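Dear colleague,

I am passing on to you the structure that we talked about, and my notes on it follow below. Please keep it open while you read, and take the notes slowly.

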Amino acid sequence: MSMTKPIATTRSATGIPTGKLAVWWVVGSEIVIFGGLLAAYIMHRLGHPEWAEYASHTNPWFGGFNTFVLLTSSLFAVLAHYAAEHGDGKRAAKWLMGTAAGGLIFICIKAVEWSIEISHGYTITANGFWSFYYTAAGIHALHVIAGCIIMLIIANDARKGKELHRVELIGIYWHFVDIVWIFLFPLLYIAK
Amino acid sequence: MAEHSEEHGQAYYVKIWGILLVLLIVSILGPVLAPHLEFGFLKAWMITLITAFGIAVVKAYLVAANFMHLNIEKRYISYMLGTMVVLMLLFFAGVAPDVMKHEGENWENVAAEAEIERALAAQADESHDEHDGEHDAEH
């Protein structure tokens, strides 16, 4: 099967490679998705004094450690980009695997955290706060899982020295997922 | 690009990561220590706000500028992303008054008021029970 690239992949009207431009637009639309959700959460939180007590049951140590994990995985992603930029596909693949491992650790911690909370009766239907908590953190976790899968596919190509420019693209997405968590962390775990 | 590599060596990224970790620690400790740090006009809630959300903005900026390379990306991208943030603020400005206020000149959100009253009463009961429990344990 011959793999011919579509014209749109190889041309660039804006001076930005098409793939990269597409990722930036994905990030742009994600800002509206997460932004809308977080804005709705903030207005409810400010309008409902009883939510302060609900929020006091989240565990900032889980959230804080997960922030550390994501920040570190972001470092790995940018080091993968650095390696890819210097033509070292094998090294880029290794860093990408490290990044994906960070995502896996993040999800495992989330699973433990949620299990504890659900066993204490804090379920998605408990009240408005917990509905937002599981929705926001859940959509974020889906982004982490999707990012990990794409990262492993790209790492597999990078290992063979193929499509190295994609290492930067998954990095941009991953850093955005990191930024979303940077805001979710104080909103869900710190402000009490 | 030679300049590019010089400016953004691996050590540079590790340095940014180090700064991010320090900021993370401050954002966790800030709200915990806030009640002890109050002085003059600086109230605990202000310290919490600055350390939790002010620092989140700084962290997000550091990641976007240095890891996503927005600082060397074409301006067009920053404008596009900025527009999305403005749309979010617009949404907040339009909807927040309805959610945050529970009554206006010609309307009252009876359901929201009832829920707040019910929940606060339930929480007060719960904390009473807890205190009663402590007393029982003492006796």
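At what angle do helix H2 (residues 10-37) of chain B and H3(B) pack, and how far apart are their axes? Before the answer, please note that this is a predicted model, in which local features need pLDDT of at least 70 and side-chain atom pairs count only at pLDDT 80 or more, while totals for chains, interfaces and linings use all residues. Residues are numbered from 1 along each chain as its sequence is written, chains are lettered from A and ligands numbered from 1 in the order in which they are written, and side-chain values use heavy atoms, with hydrogens and water left out.

H2(B) and H3(B) pack at an angle of about 170°, and their axes are 8 Å apart; the axes are lines fitted to C-alpha atoms, for helices over the stretch in contact, with angles running from 0 to 180 degrees between N-to-C directions. The two helices are therefore roughly antiparallel, a label given to angles over 145 degrees. Their contact has 21 nonpolar, five polar and one charged residues, where Ala, Val, Leu, Ile, Met, Phe, Trp, Tyr, Cys and Pro count as nonpolar, Asp, Glu, Lys and Arg as charged, and the others, Gly among them, as polar.

Helix H3 (residues 44-67) of chain B includes Val57(B), which at 49% relative accessibility counts as partly exposed (buried means under 20% relative accessible area, exposed over 50%, and partly exposed in between, with a 1.4 Å probe and protein chains only). Between Val57(B) and Ala121(B) there are 64 residues in sequence and 36 Å in space, taken from C-alpha to C-alpha.

Turning to chain A, you will find seven helices and zero strands, where helices (H or I, at least four residues) and strands (E, at least two) are DSSP runs numbered from the N terminus. The C-alpha trace of chain A spans about 60 × 30 × 30 Å along its principal axes, and 54% of its 192 residues count as buried.

Finally, the cysteines: over all chains the structure holds zero disulfides, a disulfide being a pair of cysteine sulfur atoms within 2.5 Å. Cys108(A) is in no disulfide, and the nearest cysteine sulfur, in Cys148(A), is 10 Å away, which is too far for a bond. Cys108(A) counts as partly exposed at 43% relative accessibility, whereas Cys148(A), at 12%, counts as buried.

Terms used
Parallel < 35°, antiparallel > 145°, perpendicular 65-115°, else oblique.
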